[in-house]
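The sequence and the model are shown below.

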Amino acid sequence: MAKNFKLIIEYDGTDYQGWQRQPDAPTLQQAIETAIETMTRQKVTLIGSGRTDAGVHALGQTANFSCDTRLEAVELQKGLNSLLPRDIVIRECLPVAPQFHARYDAANKTYHYCILNDPLPSAIGRRYAWWIRSALDLDAMQQATRHILGERDFKAFEASGSPRSHTRRHVLQARWMHQSPNRIAFEITADGFLRYMVRNIVGTLVNVGLHKITPGQFKAILESRNRAQAAATAPARGLFLVQVFYD
């Protein structure tokens with residue numbers, strides 16, 4: 001009888017072309033499916049809570065798969081971690097109800113975007129933060145961030161060429177915080193995200209922090225629904241999927 005397993009996955013996305021399997025490029029879905037098939041000798045489809053783009057990292061991506069196996073969850077976790085490359089770790093493996101679906105059952109997600117705000121770059125942390133040498137006005141960035149709270153139309157921050165049935169999303173919380181004296185992080189929780197939405201918001205908020213635009217102008221960009229008015233997309237390396245929440 002088939003069992004349904006839920007995985008909580010941590011990964012460094014630097015060397016992958018995103019989550020979703022591709023025919024001619026390394027992806028996270030492909031790497032994990034291959035490890036599962038090696039253990040279970042069955043071809044499986046790994047369902048992620050959502051796609052992360054090339055170069056984006058995760059501390060708590062959620063996925064599920066079903067297969068007919070005698071292996072218990074703890075055995076799968078141990079075996080998968082022995083087979084997977086070091087930049088992918090299965091933090092948890094849990095048996096779940098047959099109807100559990102990592103994507104469709106997801107209620108909210110939290111992302112962090114990390115910035116190194118320092119005159120000098122970092123040799124060690126260069127893969128996990130956007131380096132900005134000029135000082136950022138964090139108070140102005142916090143002020144502008146308030147405009148995205150609640151249910152809003154985020155079309156101005158959607159990647160061009162990726163239309164959805166609608167572009168309204170509900171942001172439950174968003175804030176900037178200090179991780180260390182020269183490292184800051186943007187934390188955002190919402191019921192869903194458009195493609196590049198977080199990175200486009202961050203890129204535009206950084207322009208607020210550099211005094212290129214005001215918090216009021218940031219609000220006007222949001223309300224314009226015009227991607228051309230927003231700033232360039234922030235680099236993928238600073239973005240982390242932190243947690244996926246389920247009802």
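Is the crossing of α1 and α2 left-handed or right-handed? In this predicted model, the crossing of these two helices is right-handed.

## Packing of α1 and α2

Two packed helices are described by the angle between their axes and the distance between the axes. For helix α1 (residues 28-40) and helix α2 (residues 73-83), the axes come within 9 Å and cross at roughly 120 degrees. Helix α1 is therefore oblique to α2, since angles of 65 to 115 degrees count as roughly perpendicular and only those over 145 as roughly antiparallel.

From α1, the residues that make the contact are A35, I36, T38, M39 and T40; from α2, they are E75, L76, G79, L80 and L83. By class, six residues of this contact are nonpolar, three are polar and one is charged.

## Packing of α4 and α5

Helix α5 (residues 215-224) packs against α4 at an angle of about 155 degrees, and the axes of the two helices lie 9 Å apart. An angle over 145 degrees counts as roughly antiparallel, and α4 and α5 are therefore roughly antiparallel to each other. Their crossing is right-handed.

Helix α4 contributes I201, T204, L205 and V208 to the contact, while α5 contributes P215, F218 and I221. Six of the residues in the contact of α4 with α5 are nonpolar and one is polar, with no charged residue.

N200 belongs to helix α4, which spans residues 197-209. With a relative accessibility of 0%, N200 counts as buried, because the limit for burial is under 20%. Its side chain reaches the backbone oxygen of F157 at 3.0 Å.

Apart from neighbours within four places in sequence, N200 is in contact with F157, E158, A159, R195, R227 and T233. I32 lies 168 residues from N200 along the chain, and the C-alpha atoms of the two residues are separated by 29 Å.

H112 is located in strand β5, formed by residues 106-117. Its relative accessibility is 15%, so H112 also counts as buried.

Which side chain makes a polar contact with the side chain of H112? The partner is the side chain of E187, at 2.8 Å. When neighbours within four places in sequence are left aside, the residues in contact with H112 are M177, F186, E187, G238, L239, F240 and V242.

Key:
Residues are numbered from 1 along each chain as its sequence is written. This is a predicted model: local features need pLDDT of at least 70, side-chain atom pairs count only at pLDDT 80 or more; totals for chains, interfaces and linings use all residues. Side-chain values use heavy atoms; hydrogens and water are left out. Helices (H or I, at least four residues) and strands (E, at least two) are DSSP runs, numbered from the N terminus. Buried means under 20% relative accessible area, exposed over 50%, partly exposed in between (1.4 Å probe, protein chains only). Contact means heavy atoms within 4.5 Å. A polar contact is a pair of N or O atoms within 3.5 Å; within protein, one must be able to donate a hydrogen and the other to accept it, and residues adjacent in sequence count only if both atoms are side-chain atoms. Axes are lines fitted to C-alpha atoms, for helices over the stretch in contact, and angles run from 0 to 180 degrees between N-to-C directions. Angles under 35 degrees count as roughly parallel, over 145 as roughly antiparallel, 65 to 115 as roughly perpendicular and the rest as oblique. A crossing is left-handed if the near helix is turned anticlockwise from the far one by less than a right angle, and right-handed if clockwise. Ala, Val, Leu, Ile, Met, Phe, Trp, Tyr, Cys and Pro count as nonpolar, Asp, Glu, Lys and Arg as charged, and the others, Gly among them, as polar.
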